[in-house]
Amino acid sequence: MRIRKDRVIIAILILILFIFLIFKLITFTFKIVKTENYMDNLSGYTEEEAVNYANKFNLKLEIIKKPSKNETGKIYDQSIKEGEKINKNDTLQVYIADIIDYNKYKVNELGNVPIMMYHGIHNTEAKYIGGNVDKDGYQRTASAFRQDLQFYYENGYRMIRLNDYIDGYIDVELGFSPIIITFDDGLENNIKVIGTNEDGSIIIDPNSAVGILEEFKAKYPDFNVTATFFVNGSLFNQSEYNKKILDYLISHGYDIGNHTYSHVDFTKTDSSNSIKEVGSVYNILDEYIKGKYVNIVALPFGSPYSKTHDNFKYILSGTYEGVNYNTKSTLRVGWEAEYSPFNKNFDKTFLKRIRAYDNDGVEFDIKMNFDILSKNRYISDGDKSTITIPSSKSEILSNNYNFEVITY
């Protein structure tokens, strides 16, 4: 009888031990599950609420305030996205919308925009004033071109595509100004090929225009490096690489435009030849990069010098060898910055450019033009879908793009 009691006691003890182990296992499992926390969406939280949230989950909080159109004082973005696992001591960055002080940044999206006109870039010493290789300053040294780019960057300019400017799409950070780079003539030193890699891709001379631009792209990613190259019938004078050069430019964020077949002076030719000069280059570009070039003509010699000239209409549209063409914009040779695309005086069909040369600060050289621009340059509000201007400039606004207008 005693043996049976002992067995009952042992069984009870085993049962108690089993229940205890089950309880410990459940508790341990619950603790594991409980410590796996996942990020919430903090959009709309205040700074105080963000601090409380970070303390609750032992997160290291970094609060970043940026000017924004979002509801001020509230979080609009976060570094750890909703649903991501969070652990103790993880760093959480939250972005809080701050009031944009347009006066502080001197925002003026009716200010002028520089379209810089370059031709050749030569890895040689300057022979004339500053970085000029030729007397008139159409040819520039590689060293001077590097200095130009550094000057633009350090003075708060950021590159945009010419085509975007024409379309009113100006995507530039708050407080910075757009600048456009163009090259005429399709010279070999614009993108000189010095060989090919094993895979057949081209190797670019680092002292050619594109080589220098790519150098700056790597050094300053926020510079948004781009340019538009206007070519003649011989493209870049390296016929064996025509396709590869054009593909390289397009794939690296550059644009190709039309500079007429033989660099014609439109004031010294007839309508038939005007059509041939423009249409033939469009046809050549169709052969290599159809649908990937821009329908913009850089006018050789800046001719004709007036839109009323008989040949101007043939630059804008025509039919050559059975192919219709339409040109959205033309570029002149001189001499100063152009209007904002939101200015009522803006005319995309006949745009002025700045000759990128040195002349001791006179006759509209780089220094003179940027001194002028310092008094009335386009300064972005950081939002490509709005037009922000001082209220005093409202009378010159033309909102053809139907953007929201903000005045202050």
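Two strands are said to pair if DSSP finds at least two bridges between them. Good morning, colleagues. With that term in place, I shall take us through several parts of this structure, which is a predicted model.

I begin with strands 16 and 17. Strand 16, residues 317-320, and strand 17, residues 323-326, run antiparallel and are joined by four bridges.

The largest nonpolar core has 60 residues, and Met116, Tyr152, Phe183, Leu213, Phe229 and Leu249 have the most contacts inside it. Helix 8, residues 271-289, gives the most to this core, with seven residues. Apart from this core lies another, of 21 residues, including Ile166, Phe230, Val294 and Ile296. To return to Leu249: leaving aside neighbours within four places in sequence, its contacts are Ile191, Val210, Phe229, Phe236, Tyr254 and Ile256.

I turn now to helix 10. Its buried residues include Ile366, Asn369, Phe370 and Leu373. Because these residues cover an arc of only 90 degrees around the axis, they are on the same side of helix 10. Against what do the buried residues of helix 10 pack? Their partners are strands 6, 8, 9, 10 and 19, together with helix 4.

The loop between strand 19 and helix 10 holds Asn359. Is Asn359 buried or exposed? Its relative accessible area is 15%, and since buried means under 20%, Asn359 is buried. The side chain of Asn359 makes a polar contact with that of Glu363, at 3.3 Å. Beyond its neighbours within four places in sequence, Asn359 is in contact with Ile129 and Asp365.

Finally, helix 1, residues 2-35, contains Ile10. With a relative accessible area of 47%, Ile10 is partly exposed. Ile10 and Phe223 are 213 residues apart in sequence, and their C-alpha atoms are 80 Å apart in space. Thank you for your attention.

How values were computed: Residues are numbered from 1 along each chain as its sequence is written. This is a predicted model: local features need pLDDT of at least 70, side-chain atom pairs count only at pLDDT 80 or more; totals for chains, interfaces and linings use all residues. Side-chain values use heavy atoms; hydrogens and water are left out. Helices (H or I, at least four residues) and strands (E, at least two) are DSSP runs, numbered from the N terminus. Buried means under 20% relative accessible area, exposed over 50%, partly exposed in between (1.4 Å probe, protein chains only). A polar contact is a pair of N or O atoms within 3.5 Å; within protein, one must be able to donate a hydrogen and the other to accept it, and residues adjacent in sequence count only if both atoms are side-chain atoms. Contact means heavy atoms within 4.5 Å. A nonpolar core is a set of buried Ala, Val, Leu, Ile, Met, Phe, Trp, Tyr and Cys residues joined through side-chain atoms within 4.5 Å. The arc is that of the directions from the helix axis to the C-beta atoms.
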